[in-house]
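Hello,

Here is the structure I promised to pass on to you. Have a look at it first, and then read my notes below.

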Amino acid sequence: MKKIIQFKPKNISWSSILIQILDINIQAINKTLEEGNIDKNWGDIMLHYGVSEKYIRKLANDIIDRYNKTKDLLLNKKFEKIDKVFINIPSMWYNTLKSTLYYMEEDLINKDSYGVYDLWNFFFNVDIQRNDNLFKPLKLYSYDKKDRN
């Protein structure tokens, strides 16, 4: 088992960004479930993994439940438990959270760059701990921009 690395953010706003990302994903999953577009939106997943629509619905509802519990942890400032939630969710759902941050990043960076950096740092720490981790960390702990003139 991989050693758990405790995430220590430089500021707290990363949690509000993560709550936003969780809300966006919960809304998207709910919309797909309510519209009944499972086959249209997740048909490739069903085909690739050989699972039924019933299974996908159950998994989607489990993820919604997990995301809501994670939001509660964030709101109650129980940050030490957050990384464990993301270590154990399926890659598809975890990567979707990171993808959502990527698409929001440009707008967010102007409002709170440290929050965005802290959230990426959190995700990279989770990446290291996940069983499906496909990269080796470089053990870079800081980066300073040097004047190139």
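Let me begin at the end of a helix: α1 is followed by G36, which has a positive phi, near 70 degrees. Helices here are DSSP runs of H or I with at least four residues, and strands are runs of E with at least two, numbered from the N terminus. Before going on, please keep in mind that this is a predicted model, in which local features need pLDDT of at least 70 and side-chain atom pairs count only at pLDDT 80 or more, while totals for chains, interfaces and linings use all residues. Residues are numbered from 1 along each chain as its sequence is written, and side-chain values use heavy atoms, with hydrogens and water left out.

Back to α1: this helix has 23 residues and reaches 33 Å from its first C-alpha to its last, close to the 33 Å expected at 1.5 Å a residue. (The expected span is 1.5 Å times one less than the number of residues.)

The helix α3 also deserves a look. Its buried residues are I56, L59, A60, I63, I64, Y67, T70, K71, L73 and L74. Buried means under 20% relative accessible area, exposed over 50%, and partly exposed in between, with a 1.4 Å probe and protein chains only. K71 counts as buried because its relative accessible area is 17%. Its contacts (heavy atoms within 4.5 Å) are I19, L22, D23 and I26, leaving aside residues up to four places away in sequence.

After α3 comes K77, with a positive phi. K77 lies in the loop between α3 and α4, and its phi is near 55 degrees, a positive value in a residue other than glycine. Most residues other than glycine have a negative phi. K77 is exposed, since its relative accessible area is 55%.

Now to the interior. A nonpolar core is a set of buried Ala, Val, Leu, Ile, Met, Phe, Trp, Tyr and Cys residues joined through side-chain atoms within 4.5 Å. The largest one has 36 residues, of which L18, Y67, F86, L119, F122 and F123 touch the most other members. At least two residues of this core come from each of α1, α3, α4, α5 and α6, and α1 gives the largest share, nine residues. Not counting residues up to four places away in sequence, F86 touches L18, L22, T70, Y94, L97, F122, V126 and R130.

Finally, the buried residues of α6 include W120 and D127, and their cover includes α1, α4 and α5.

Enjoy exploring!
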